[in-house]
Amino acid sequence: MIDVHRLPADDEWNAYVDRSTQSAPFHRAEFLHAIADETDAELTRLVGKNGDHPIGILPLFVDARGPLRLLFSPPPHAGIPYLGPAMMLDPNIKYRKATLRTKEFVEACLEWIDDEVDPHYVRIVTNPAYDEVRPFSWRGFDVTPRFTYELDIDRDESELLRSFSRDARTSIQDAYEPRAVADGGAVVHADSDDGIDADDGTEGADPGYAIERGGEASVERLAGQLHRRFAEQGETFPLSTDFLTRIYRDLPEGTIEAYELTVDGEPVSGRLSLTDDDRLTFWQGVPKPRSTVDLPINDLLNWHSMRRARADGCDVADLSGANVERLWDYKAKFNPDLASYAILERTATGVGPLRSLYEWWNA
């Protein structure tokens with residue numbers, strides 16, 4: 001029998017996050033606290049145990065809007081693509097037993113939710129590593145598929161580059177210049193610092209740009225660029241600068257990488273990536289520069305993020321963007337695999353009109 005209870009201790013929670021093979025950086029306590037403050041929602045963290053053995057975790061956010069009690073994982077406008085449950089099952093466990101444990105954990109969590117919160121509306125977005133949504137469906141949840149792109153980067157760099165479409169490959173080969181890449185002030189991937197290419201002994205041309213890994217100041221600049229770019233499109237970037245800099249400071253070093261592309265010393269665009277064990281996740285970026293720049297900025301930042309993550313031991317890159325019609329074709333040119341996850345929703349009887357009002361307000 002699975003027993004589910006709240007877990008307030010950050011250290012113990014993060015130990016479970018590290019132990020689970022289905023968790024993401026978004027599950028870490030530092031991230032969850034920042035999300036709760038950013039969205040003004042109440043954080044609850046559930047852990048399920050079979051005796052003394054932890055089975056799974058599920059972070060939840062409770063929000064009250066007028067007469068509605070709403071339960072999310074993750075909450076809207078948090079900039080988090082997915083969250084949901086993460087199991088901690090023995091990797092050698094047989095399929096039938098693993099499925100049974102997951103079903104028992106989900107049922108215990110839903111019983112806790114109904115007893116302690118009794119929400120009018122529940123919305124959980126699973127992460128791609130969690131693939132067992134049937135226990136939710138059997139308990140009345142609607143299941144909507146969502147997609148992301150996963151790219152195997154655990155292979156020779158030239159093989160990886162050859163797997164891309166011709167236009168992506170040509171763009172990177174023509175524009176990516178290792179001498180342009182700096183890492184915290186120190187040049188990395190450089191063949192030489194005197195303009196001589198160590199591979200062929202020829203003198204290299206000035207690439208005209210630089211890609212640098214920055215710190216908190218880079219995060220602030222990138223946040224400003226994203227706010228400006230969204231405003232130019234008549235939209236609002238949902239994340240505050242304080243939120244982005246907070247999680248950059250609070251998460252373990254190296255979890256968030258901030259890369260800036262500069263031209264003539266001026267930052268023109270950038271990317272925030274997340275790295276967790278063997279997985280790279282493209283998270284926020286790449287804003288269009290204020291002025292015209294004759295460079296394939298997206299390709300350069302994407303390729304450099306992949307190279308860097310691959311060198312750090314990552315096996316998989318989550319390219320994101322598969323659900324967005326204006327982005328899916330661009331991301332597909334890196335020849336990734338399509339991976340799925342799910343939106344799980346349940347609405348209490350008789351509150352359909354109120355839910356529709358909330359969805360209109362929250363859109």
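1. Ground rules. This is a predicted model, numbered from 1 along each chain as its sequence is written, in which local features need pLDDT of at least 70, side-chain atom pairs count only at pLDDT 80 or more, and totals for chains, interfaces and linings use all residues. Side-chain values use heavy atoms, with hydrogens and water left out.

2. Salt bridges across the chain. The structure has 25 salt bridges (a side-chain nitrogen of Lys or Arg within 4 Å of a carboxyl oxygen of Asp or Glu). One of them joins Arg-45 and Asp-10 at 2.8 Å, N to O. That pair links distant parts of the chain: Arg-45 is in strand β2 (residues 42-50) and Asp-10 in helix α1 (residues 10-19), 35 residues apart. Helices (H or I, at least four residues) and strands (E, at least two) are DSSP runs, numbered from the N terminus. Arg-45 is buried at 5% relative accessible area, while Asp-10 is partly exposed at 30%. Buried here means under 20% relative accessible area, exposed over 50%, and partly exposed in between (1.4 Å probe, protein chains only).

3. A buried pair. Lys-333 and Asp-299 also meet in a salt bridge, at 3.4 Å, N to O. Lys-333 sits in the loop between α10 (325-332) and β15 (337-347) and Asp-299 in helix α9 (residues 297-311), so the bridge ties together parts 34 residues apart in sequence. Lys-333 counts as buried at 14%, and Asp-299 is buried at 6%.

4. Asp-250 bridges to Arg-246, with the closest N and O atoms 3.6 Å apart. Both are in helix α8 (residues 241-250), 4 residues apart, or about one turn of the helix. An α-helix has 3.6 residues a turn, so residues three or four places apart point the same way. Asp-250 is partly exposed at 36%, and so is Arg-246 at 23%.

5. Helix α7. The 17 residues of α7 (residues 216-232) should span 24 Å, and the end C-alpha atoms are 25 Å apart, which agrees; the expected span is 1.5 Å times one less than the number of residues. Its buried residues include Ser-218, Leu-222 and Arg-228. The buried residues of α7 pack against β10 (210-214), α8, β11 (256-263), β12 (266-276) and β13 (279-285), with contact meaning heavy atoms within 4.5 Å.

6. Strand β6. In β6 (residues 121-125), 4 of the 5 residues are buried. β6 pairs with β4 (residues 68-73) in the parallel sense over 4 bridges, and with β15 in the antiparallel sense over 5 bridges. Two strands pair if DSSP finds at least two bridges between them. Ser-73 faces Ile-124 in β6, and Val-122 stands opposite Arg-346 in β15.

7. Nonpolar cores. The largest core has 40 residues, and Phe-26, Phe-31, Phe-243, Leu-244 and Trp-283 have the most contacts inside it. A nonpolar core is a set of buried Ala, Val, Leu, Ile, Met, Phe, Trp, Tyr and Cys residues joined through side-chain atoms within 4.5 Å. Helix α2 (29-39) gives the most to this core, with 6 residues. Apart from it lies another core, of 29 residues, among them Tyr-149, Ile-211, Val-268 and Leu-300.
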